[in-house]
Amino acid sequence: MASMSGPEETREHSLQRIEQLKMRLEDAENTLQAIRQGEIDALVVSGPGGPQVYTLRSADHPYRVLVQEMLEGALTLTPTGLILYANLAFARMMRTSLEHIAGTSVQRFVAPRDLPNFMALFDRGARSNSRGEVALQAADGTLVPAFLACNSFRVDDFQSVCLVVTDLTEQKRQEEILVSEALARAILEQTAEVLVVTDTRGRIIRASQAAHQLAGRNVLWQDFDAVFALQFAGTMLPVPSVAGNDKAQVSILHAVLQGEVRQGLETTFVRPDGHIFQLLLSLSPLLNARGEVAGGIITLTDITARKQAEQALQQAHTELEQRVQERTAALRREMTERQRLEGEAQRAQHFALLGRLAAGVSHEIRNPLGAIFLHVDLLEEELQQPSSESPAQIAQILFEIRTQMTRLDELLQDYLSLVRVSNIELQPHDLGSSIQAWSAEIEAQAAARSMTFQLEGVENLGRVAFHASTLRRAVLNLLQNALDAMPNGGTLRIACESTAAQVQLRVQDTGSGIPAERLGRIFEPLYTTKPEGTGLGLYIVQEIVAAHGEQIAVQSVEHQGTTFIITLPRAPAEVPVQAEPSQHANHLGPE
């Protein structure tokens with residue numbers, strides 16, 4: 001057995017060795033076949049110095065290098081859009097590596113908004129060929145405008161699609177620049193403003209038609225400061241020191257190159273032909289793509305017409321001011337003259353009233369005095385020649401004398417009231433309580449004449465500023481007039497109404513009323529319809545109410561009755577108020 005093991009192992013080992021050699025031979029034949037068919041670009045051979053790469057150059061090698069190094073992107077795709085091959089240009093265009101492109105779908109590199117357009121272009125190219133612009137989207141999200149050329153081809157019965165991608169980014173940028181330049185030129189040509197663009201040396205490189213017209217010549221490639229010698233009142237821009245000149249010539253170029261931005265500066269431009277323009281200057285620096293100052297943009301707006309209008313308006317304003325002052329002075333003179341005439345008229349009316357009052361006083365005093373003298377004479381006769389009837393006659397004579405003296409006293413009190421009423425001082429009082437007290441003084445007379453006396457709404461009137469004694473006299477005068485208007489009895493009523501601002505007092509009777517033709521005169525001094533009246537009662541009432549800063553009104557219907565209405569204002573509690581008297585009363589028609 002031992003002698004047999006050696007030859008058997010040798011035979012088995014030889015068979016394995018033969019199989020390994022066959023496999024290596026087959027690999028060598030396949031490699032040679034691949035090399036012959038151009039399917040291998042390089043070989044890696046192990047040697048004493050380590051693995052060595054040997055590049056095989058076939059006939060199509062230059063074309064492979066051309067595709068790999070071309071500036072346009074090149075793709076080989078399946079009909080479904082799977083990327084089989086991509087060159088470096090496409091990888092750089094998509095801002096990613098080749099490893100992240102091969103084996104992926106081409107649709108992932110198309111901008112979503114252009115995907116329908118791309119799919120239509122790709123479908124046509126997969127059948128024959130197609131071309132068109134599509135927006136691609138790089139790995140970082142950047143949109144890349146591209147022109148695609150797509151066509152199909154067949155290799156070894158395998159259908160493929162070739163896609164060539166041309167980056168249009170720079171072309172689009174150039175087109176935008178051209179469009180921007182055209183737009184800028186159009187703006188310059190069409191704008192009505194004076195628009196000037198200068199370089200860093202102050203030369204005008206662009207200008208609108210209005211700039212040429214303002215300067216009166218072609219301003220291109222001229223120094224701005226030489227063409228437009230602007231003058232400023234003051235130093236609103238950096239200027240060289242100019243002694244004794246408040247309109248210094250400003251270096252616009254210096255201001256622009258310093259990066260200054262100014263708007264709405266008023267300036268003056270004097271053209272060589274002597275024409276003067278008032279302008280508004282606006283300036284800003286012109287920056288290049290690096291943010292550096294490459295020149296300046298200057299706008300001049302002609303405000304000459306506006307300035308002339310402002311000057312005309314200012315002149316008109318001055319003239320109007322002068323005319324207003326003159327007219328004001330004339331009006332003051334007229335007012336002074338009118339006040340003088342009114343004062344004279346008031347004095348004349350005052351003297352006329354004094355004359356009427358004096359005549360009234362003379363008449364009113366003469367009558368009771370005459371009666372007193374008459375009864376004194378009768379008294380003297382009775383005393384000189386007494387009789388059995390003398391005591392009764394003397395008593396009657398003394399009663400008549402006392403009556404006439406009482407009338408004289410009342411007359412004097414009326415005249416004194418007219419003198420005192422203009423100097424009253426108003427104080428806060430409880431008006432309701434005062435009215436109740438004043439009414440009590442007249443209730444006995446009303447009862448004696450079979451009259452009904454009523455008080456309404458006097459309980460919660462609150463505090464009102466008034467002069468107690470004078471207002472009492474006014475209310476009692478109205479109550480007495482109401483009693484006299486009802487000789488056959490009737491109803492006398494005092495009704496009060498109160499608001500936050502004022503209190504209204506109504507004195508109503510059911511007497512004979514006042515005829516309409518007499519209603520307008522009842523407040524005149526010395527006007528009376530009573531045989532024994534003085535004509536001062538209602539006049540005094542009117543003056544007392546006016547001294548309280550309000551008015552008295554009257555409503556009357558003949559044969560039905562009369563209502564006098566007194567309105568009093570409320571005033572801050574405990575604060576004395578001095579009222580200005582008024583000379584007017586309202587006369588209201590019948591209700």
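**Exercise 1. The nonpolar surface patch**

Task: In this predicted model, identify which residues make the nonpolar surface patch of about 340 Å², and state where Tyr-85 is found.

Solution: 
1. The patch is made by Leu-82, Leu-84, Tyr-85 and Phe-158.
2. Tyr-85 is found in strand β4, which covers residues 83-86.
3. Tyr-85 has a relative accessible area of 30%, so this residue is partly exposed.

**Exercise 2. The largest nonpolar core**

Task: Determine which residues touch the most other members of the largest nonpolar core, and which element gives the most to this core.

Solution: 
1. The largest nonpolar core has 41 residues, and Leu-431, Ile-435 and Leu-479 touch the most other members.
2. Elements that each supply at least two residues of this core include the helices α11 (431-448), α12 and α14 (537-547). Among the strands that do so are β17 (463-466), β18 (491-498) and β19 (502-509).
3. Helix α12 gives the most to this core, namely eight residues.
4. A second, separate core has 25 residues, among them Ile-83, Ala-91, Met-93 and Val-161.
5. For Ile-435, neighbours within four places in sequence are left aside; the remaining contacts are Leu-455, Val-458, Leu-461, Ile-494, Cys-496 and Leu-505.

**Exercise 3. Helix α12**

Task: Compare the reach of helix α12 with its expected span, and list which of its residues are buried.

Solution: 
1. Helix α12 comprises residues 468-484, which is 17 residues.
2. From its first C-alpha to its last, α12 reaches 24 Å, close to the 24 Å expected at 1.5 Å a residue.
3. The buried residues of α12 are Thr-470, Leu-471, Ala-474, Val-475, Leu-476, Asn-477, Leu-478, Leu-479, Ala-482 and Leu-483.
4. Leu-479, buried in α12, is also one of the residues that touch the most other members of the largest core.

**Exercise 4. Salt bridges**

Task: State how many salt bridges a search of the whole structure finds, and describe the pairs formed by Arg-472, Arg-271 and Asp-140.

Solution: 
1. The search finds 15 salt bridges. Side chains of opposite charge can pair when their charged atoms come close.
2. Arg-472 pairs with Glu-441, with the closest N and O atoms 2.8 Å apart. This bridge links distant parts of the chain, as Arg-472 lies in helix α12 and Glu-441 in helix α11, 31 residues apart. Arg-472 is partly exposed at 32%, and Glu-441 is partly exposed at 40%.
3. Arg-271 pairs with Asp-273, the closest N and O atoms being 3.1 Å apart. Arg-271 has 15% relative accessibility and therefore counts as buried, whereas Asp-273, at 54%, counts as exposed.
4. Asp-140 meets Arg-95 in a salt bridge of 3.5 Å, N to O. Asp-140 belongs to the loop between β5 (129-137) and β6 (143-155), and Arg-95 to the loop between α3 and α4, 45 residues apart. Asp-140 is exposed, with a relative accessible area of 52%.
5. A network of salt bridges links Glu-266, Arg-306, Lys-307 and Glu-310.

Definitions and conventions:
Residues numbered from 1 in each chain as written. Predicted model: local features only at pLDDT ≥ 70, side-chain atom pairs only at ≥ 80, totals over all residues. Heavy atoms only, no water. Helix = DSSP H or I, 4+ residues; strand = E, 2+ residues; numbered from the N terminus. Expected span 1.5 Å × (residues − 1). Buried < 20%, exposed > 50% of the residue type's maximum accessible area, 1.4 Å probe, protein only. Patch = residues over 30% accessible without salt bridge, like charges linked within 9 Å, V, L, I, M, F, W, Y side chains within 5 Å. Areas by Shrake-Rupley, 256 points an atom, 1.4 Å probe, with all protein chains shown as cover. Salt bridge = Lys/Arg side-chain N within 4 Å of Asp/Glu carboxyl O. Core = buried A, V, L, I, M, F, W, Y, C linked by side-chain atoms within 4.5 Å. Contact = heavy atoms within 4.5 Å.
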